[in-house]
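I opened my notebook to write down what I looked up in this structure. The entries follow in the order in which I made them.

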Amino acid sequence: MGIFERHKLMFSFQMTTMIMDGDDVLNKIELDFFLKGNTSLDEVDPKPFRWMSDNGWKDAVKLD
């Protein structure tokens, strides 16, 4: 009753991740990357596209 309409999706996401964690099917490394992105301080190759942000390129390199 205390959940506002704007919080329902976040609550559902949290419940889903908790259920998946309990069933040992949650990949915590992928979840961490999804939530935070690439947090490493390592240098990456220069981005090949001007339209892509530096952080976006760094995330794409990490995903690869």
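In which helix is the place of Thr17? I found Thr17 in helix α1. Helices here are DSSP runs of H or I with at least four residues, strands are runs of E with at least two, and both are numbered from the N terminus.

I noted the ground rules next. The model is predicted, so I kept in mind that local features need pLDDT of at least 70, that side-chain atom pairs count only at pLDDT 80 or more, and that totals for chains, interfaces and linings use all residues. Residues are numbered from 1 along each chain as its sequence is written, and side-chain values use heavy atoms, with hydrogens and water left out.

**Entry: Thr17**

Is Thr17 buried or exposed? I read a relative accessibility of 13%, so Thr17 counts as buried. The cut-offs are under 20% relative accessible area for buried, over 50% for exposed, and partly exposed in between, with a 1.4 Å probe and protein chains only. I then looked for contacts, meaning heavy atoms within 4.5 Å. Leaving aside neighbours within four places in sequence, Thr17 touches Leu26 and Leu31.

**Entry: aromatic rings**

I wrote down the pairing rule before counting. Rings of Phe, Tyr and Trp (its six-membered ring) pair if their centres lie within 6.5 Å; planes under 30 degrees apart are stacked, over 60 edge-to-face, and the rest tilted. By this rule I counted 2 aromatic pairs. One of them is Phe13 with Phe34: the ring centres are 6.0 Å apart and the planes stand at 45°, so this pair is tilted. The pair links distant parts of the chain, since Phe13 is in helix α1 (residues 8-22) and Phe34 is in helix α2 (residues 28-36), 21 residues apart. I checked accessibility for both: Phe13 is partly exposed at 33%, while Phe34 is exposed at 60%.

**Entry: Phe4**

Where is the place of Phe4? I located Phe4 in the segment before α1. Its relative accessible area is 53%, so Phe4 is exposed. I found Arg6 over the face of Phe4, at 5.9 Å from the ring centre. A charge sits over a ring if NZ of Lys or CZ of Arg is within 6 Å of the ring centre and within 35 degrees of the ring normal. I also took a distance from Phe4 to Asp54: they are 50 residues apart in sequence and 35 Å apart in space, C-alpha to C-alpha.

**Entry: the loop between α1 and α2**

I looked at Asp24, which is in the loop between α1 and α2. Most residues other than glycine have a negative phi. Asp24 is not a glycine, yet I read a positive phi of about 60° for it. With a relative accessible area of 68%, Asp24 is exposed. Asp23 lies in the loop between α1 and α2, and is exposed with 53%. Its C-alpha atom is 29 Å from that of Ala60, 37 residues away along the chain.

**Entry: the loop between α2 and α3**

I placed Thr39 in the loop between α2 and α3 (54-63). Thr39 counts as exposed at 56% relative accessibility. How far apart in space are Thr39 and Lys58? I have 9.1 Å, C-alpha to C-alpha, for a separation of 19 residues in sequence. Trp51 has its place in the loop between α2 and α3 and is exposed at 66%. From Trp51 to Met20, 31 residues apart along the chain, the C-alpha distance is 36 Å.

**Entry: the largest pocket**

Which residues line the largest pocket? I listed Ile29, Glu30, Asp32, Phe33, Lys36, Gly37, Asn38, Thr39, Ser40 and Lys62. The largest share of this lining, 5 residues, comes from α2.

Key:
On a 1 Å grid over the protein atoms alone, a cavity is a set of points where a 1.4 Å probe fits but cannot get out, and a pocket is an open set with protein on both sides within 12 Å along at least five of seven lines; lining residues have an atom within 4 Å of a point.
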